[in-house]
Amino acid sequence: MSAASPARRRDGAATREAILTAAVVEFTELGYTRAGVRQIAERAGVTAMMINRYFGSKERLFAQVVDRAFGPPTVVGEELPGLAHSIARTLAERTAPDAEQLDPFLLLLRSASDPAAMDIVRRGVEAHVGARLAGLLNGSDPDVRAQLGLALVAGTWLLRSVVGTTALAAADNDLLADLLADMLRPVTREPDSPPVPVAGLSGADDE
């Protein structure tokens, strides 16, 4: 039997990508339970049978969506030192009232009612952002510390962006970033940043 032609392989890759892209939108907007295979297929311009052919089941397709959502860095930085400040600054900016919604958190929130979906999300969080953050942390218990840091990130996002609690929603990004960084430093175990000198307050007498 002859090998598949390059055009056919490209078509297969394009079909798979169209399905996955459509699934990201459907699962993020509706959650795992409400998103239907037929709706995903319609958005992708394929038949429901094609989804089974490429992904096997709705559950396996959702697992691929979780990997795509949590794989790329969104809030967690990529290096020490300065990790606490990097996370805090990005989180403050990404949860501001005029910011674009953080799709990975929406995917998590809207699929929380389904135990099977949440098991997939849990594995995805641990394998991607959890492992990435833990890998940056020096010292003992990096996995526990990483997940405590993620709890602060997720809780801040929930109250500021979804619930919209008054003080957090109205908070200045710079103030919020400073407060969040102070809360994250026990997790990252970075030394406190030195105080920024203020003009005229250097501690020396003016000449």
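How many of the 207 residues of the protein chain count as buried? The answer is 35%, where buried means under 20% relative accessible area, exposed means over 50%, and partly exposed is in between (1.4 Å probe, protein chains only). This is a predicted model, so local features need pLDDT of at least 70, side-chain atom pairs count only at pLDDT 80 or more, and totals for chains, interfaces and linings use all residues. Residues are numbered from 1 along each chain as its sequence is written, and side-chain values use heavy atoms, with hydrogens and water left out.

**The whole chain**

- You'll find 10 helices and zero strands in the protein chain; helices (H or I, at least four residues) and strands (E, at least two) are DSSP runs, numbered from the N terminus.
- Going along the sequence, the pattern reads α-α-α-α-α-α-α-α-α-α.
- Take the contacts (heavy atoms within 4.5 Å) between residues at least 6 apart in sequence: 69% of them join residues at least 24 apart.
- The accessible surface comes to about 12,100 Å², and 55% of it belongs to carbon and sulfur atoms. Accessible areas come from the Shrake-Rupley method with a 1.4 Å probe, and for residues only the protein chains shown count as cover.

- The average pLDDT of the protein chain is 87, and 87% of the residues score at least 70; pLDDT is the predictor's confidence in each residue, from 0 to 100.
- Residues 5-10 have a pLDDT below 50, and beyond near neighbours in sequence this stretch has one contact in the model.
- Residues 193-207 also have a pLDDT below 50, again with one contact beyond near neighbours in sequence.
- Where pLDDT is low, the predicted coordinates should not be read in detail.

- Helix H7 (residues 115-136) has 22 residues, so at 1.5 Å a residue it should span 32 Å, and its end C-alpha atoms agree at 30 Å apart. The expected span is 1.5 Å times one less than the number of residues.
- H7 has a kink of about 45 degrees centred on glycine 130; the bend at a residue is the angle between axes fitted to the seven residues ending there and the seven starting there.
- Glycine 130 is also one of the buried residues of H7, which include Ile120, Val125 and Leu133 too.
- Aspartate 141 sits in the loop between H7 and H8, and it has a positive phi of about 50 degrees although it is not a glycine.
- Most residues other than glycine have a negative phi.

**Helix H10 and what follows**

- Helix H10 (residues 173-188) has 16 residues and reaches 21 Å from its first C-alpha to its last, close to the 22 Å expected at 1.5 Å a residue.
- H10 bends by about 30 degrees at aspartate 182, with proline 186 following within four residues.
- Which residues of H10 are buried? Among them are Leu176, Ala177, Leu180, Ala181 and Leu184.
- An α-helix has 3.6 residues a turn, so residues three or four places apart point the same way.
- The buried residues of H10 pack against helix H5 (83-94), helix H8 (142-163) and helix H9 (166-170).
- At the start of H10, a side-chain oxygen of aspartate 172 comes to within 2.9 Å of the backbone nitrogen of aspartate 174.
- Just after H10, arginine 189 has a positive phi of about 55 degrees. Arginine 189 is partly exposed, because its relative accessible area is 47%.

- Threonine 15 is in helix H1 (residues 6-34) and counts as buried because its relative accessibility is 18%. Leaving aside neighbours within four places in sequence, threonine 15 is in contact with Val46, Met50 and Tyr54.
- Valine 153 is in helix H8 and is buried, with a relative accessible area of 4%. Not counting residues up to four places away in sequence, valine 153 touches Val75, Ile87, Leu91 and Phe105.
- Valine 153 and leucine 180 are 27 residues apart in sequence, and their C-alpha atoms are 8.9 Å apart.
- Leucine 158 is in helix H8 and is partly exposed, with a relative accessible area of 31%. Its contacts, leaving aside neighbours within four places in sequence, are Leu109, Val163 and Gly164.

Key. A polar contact is a pair of N or O atoms within 3.5 Å; within protein, one must be able to donate a hydrogen and the other to accept it, and residues adjacent in sequence count only if both atoms are side-chain atoms.
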